[in-house]
Amino acid sequence: MAKYWHEDIETMPREDMRKLQSERLVAQVKHVYEHVPYYRDLMDKKGVKPDDIQSVDDLHKLPFLSKADLREAYPYGLLATPLSDCVRIHSTSGTTGKRVVAFYTQHDIDLWEDCCARAITAAGGTEDDVCQVAYGYGLFTGGAGLHGGSHKVGSLTLPMSSGNTERQIQFMRDLGATILCCTPSYAAYIGETLHDMGLTPDDIKLKAGIFGAEPWTEEMRRSIEKSLGIKAYDIFGLTEISGPGVAFECAEQTGMHINEDHFIPEIIDPETGEVLPEGTVGELVFTSITKEAFPLLRYRTRDLCVLSRKKCSCGRTLIKMAKPMGRSDDMMIIRGVNVFPSQIETVLIEQGYSPNYLIEVDRKNNTDTLDISVEMTPEQFSDKMKDVQEKERSLAAAIKTMLGINPKVHLVSPKTITRSEGKAVRVIDRRKLHD
Ligand code: AMP
Ligand code: ZN
């Protein structure tokens, strides 16, 4: 049996897991209260003492932490150990505002890598695999997390980082990579490049991909699986909570198992902060119960999703989170309608278009405008203006059916939309620039 199939934990009966979580939570709350004055103040303001937290049932009594708190406390304000005990820093990939930094002790790195190793194992990875890590290496957690996980599994690790796509494919072929780890948008790009190089999935040995760090649709999954001839697994995580591997997919592909022995999830109403019952869509909140250096309690991720305890065919009892539909701050309100980029992606791929698109939102004469540029595949590319206009009309109609508002669709020539080697930028909202 694989080394990182943690059967005792991953298939633990629900009651035992709650007990384990409760023990760890109680100790963690004390640790944070004693060592993080910023959070102690929040608890004091709410009138909660560490002794009030006796089990997971008391979790709701604790105050939330948000990105704003992390910015305010930047850089050391939420550190719970002496800096000399820390061995690593990572940072979120956000491009606006002050970045958020997270600290890790060696213990924290170890448990994070364990989580990634579980994810690789769930995707079928063993010491016989060659694992190509094409997430970016650096401050971003993607490269480091999967790299560490691959080492733990004992796979032969190819630390490619992202970019230089033809070379990625050359190494993939020469060294017989069997597992590819990168963002889904980069996986789509690698698949496209493979075909452009006149190759097919038969020319490579890949069997699985572990893709995450950004939202992607089921339609995108099928498209990548086909272009690379693999099974594509989702992986979720965020720097504030450790990095990739907070949750990972098993072969059932119906949501990601959360590593509940380390992270307690809750779903809350983003408006009121009230905890919502299982099965309701809301904002995902995590509490780290095993981290030493940067143990966030009730951290609001802004990711919207649903939790489910439905029995999984893989045997794991770890709770599952559905694919997040995006962050609450990815949601655009266009002419009063809530729109997620993922809804648009679903329609595009369903209608046979490539996953290369750009959404532009603006406001003209007090009305919101929605322009979607979509690349045609070489086969769809036609010089006849009439055909293109007809295709644009029919795609706009399909998107209108999905969203309820009319977009302007622009079909553009193949290869004119910039490809992503990391997290894709799909939306430009110019309204924010006017404000
Ligand atoms: P960062 O810490 O900068 O890597 O960003 C973490 C964020 O990326 C999460 O809060 C999610 O919004 C997003 N994310 C990570 N993994 C996934 C995934 N598998 N599906 C959808 N969104 C994801
Ligand atoms: Zn499962």
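In this predicted model, Asp129 touches Gly124, Ser155, Leu156, Thr178, Ile179 and Lys207, when residues up to four places away in sequence are not counted. Asp129 is found in the loop between helix α5 and strand β3 (130-133). With a relative accessible area of 3%, Asp129 is buried. A residue from another part of the chain, Asp16, is 113 residues from Asp129 in sequence, and the two are 33 Å apart in space, C-alpha to C-alpha.

**The zinc site**

Which residues provide the protein donors of the zinc ion (ligand 2)? They are Cys250 through SG, His257 through NE2, Cys312 through SG and Cys314 through SG, and these donors lie 2.1 to 2.2 Å from the ion. The 4 donor atoms subtend angles of 103 to 115° around the zinc ion, which makes the arrangement tetrahedral. As a reference, the ideal angle for four tetrahedral donors at a metal is 109.5 degrees.

Along the sequence, the donor residues follow the spacing C-x6-H-x54-C-x1-C. Cys250 lies in the loop between β8 (244-249) and β9 (256-258), while Cys312 lies in the loop between β13 (307-308) and β14 (320-321), so the pair ties together parts that are 62 residues apart in sequence. Cys250 is buried, with a relative accessible area of 1%. Cys312 is also buried, with a value of 6%.

Strand β9 also holds Ile258. This residue is buried, and its relative accessible area is 0%. Apart from residues up to four places away in sequence, Ile258 touches Val246, Ala247, Phe263, Pro265, Phe286, Leu307, Leu318, Ile319 and Met321. Lys207 is 51 residues away from Ile258 in sequence, and the C-alpha atoms of the two are 24 Å apart in space.

**Nonpolar cores**

The largest nonpolar core has 55 residues, and those with the most contacts inside it are Tyr39, Leu62, Leu78, Phe236, Phe286 and Met321. Helix α5 (residues 106-122) supplies the largest share of this core, namely 5 residues. There is also a second, separate core of 25 residues, which includes Leu158, Ile169, Ile204 and Leu206.

Helix α7 covers residues 165-174 and helix α8 covers residues 184-196, and their axes come within 10 Å. On the α7 side, Thr165, Glu166, Gln168, Ile169 and Met172 take part in the meeting; on the α8 side, the residues are Tyr186, Tyr189, Ile190, Thr193 and Leu194. In general, an α-helix has 3.6 residues a turn, so residues three or four places apart point the same way.

Helix α10 (residues 341-350) is mostly covered, for 8 of its 10 residues are buried. These buried residues are Pro341, Ser342, Ile344, Glu345, Thr346, Val347, Leu348 and Ile349. Gly352 follows α10 and has a positive phi, near 90°.

Val87 is found in strand β1 (residues 86-91). Is Val87 buried, partly exposed or exposed? Val87 is partly exposed, with a relative accessible area of 49%. Leaving aside neighbours within four places in sequence, Val87 is in contact with Tyr104, Thr105, Gln106 and Ile109. Ser55 stands 32 residues from Val87 along the chain, and their C-alpha atoms are separated by 31 Å.

Pro75 lies in the loop between α4 (67-72) and β1. The peptide bond that leads from Tyr74 to Pro75 is cis, and its omega is near -10°.

**Two asparagines with positive phi**

Asn365 lies in the loop between β17 (357-364) and β18 (367-375), and Asn366 lies in the loop between β17 and β18. Asn365 has a positive phi although it is not a glycine, and phi of Asn366 is a positive value in a residue other than glycine. The table gives their values.

| Residue | Phi | Relative accessible area |
|---|---|---|
| Asn365 | about 50° | 75%, exposed |
| Asn366 | near 65° | 74%, exposed |

Note on methods. Residues numbered from 1 in each chain as written. Chains lettered and ligands numbered in written order. Predicted model: local features only at pLDDT ≥ 70, side-chain atom pairs only at ≥ 80, totals over all residues. Heavy atoms only, no water. Donors = N, O, S within 2.8 Å, 3.2 Å for Na, K, Ca; no water. Tetrahedral: all angles 85-135°; square planar, octahedral: opposite > 155°, others 65-115°. Helix = DSSP H or I, 4+ residues; strand = E, 2+ residues; numbered from the N terminus. Buried < 20%, exposed > 50% of the residue type's maximum accessible area, 1.4 Å probe, protein only. Core = buried A, V, L, I, M, F, W, Y, C linked by side-chain atoms within 4.5 Å. Axes fitted to C-alpha atoms, helices over the stretch in contact; angles between N-to-C directions. Contact = heavy atoms within 4.5 Å.
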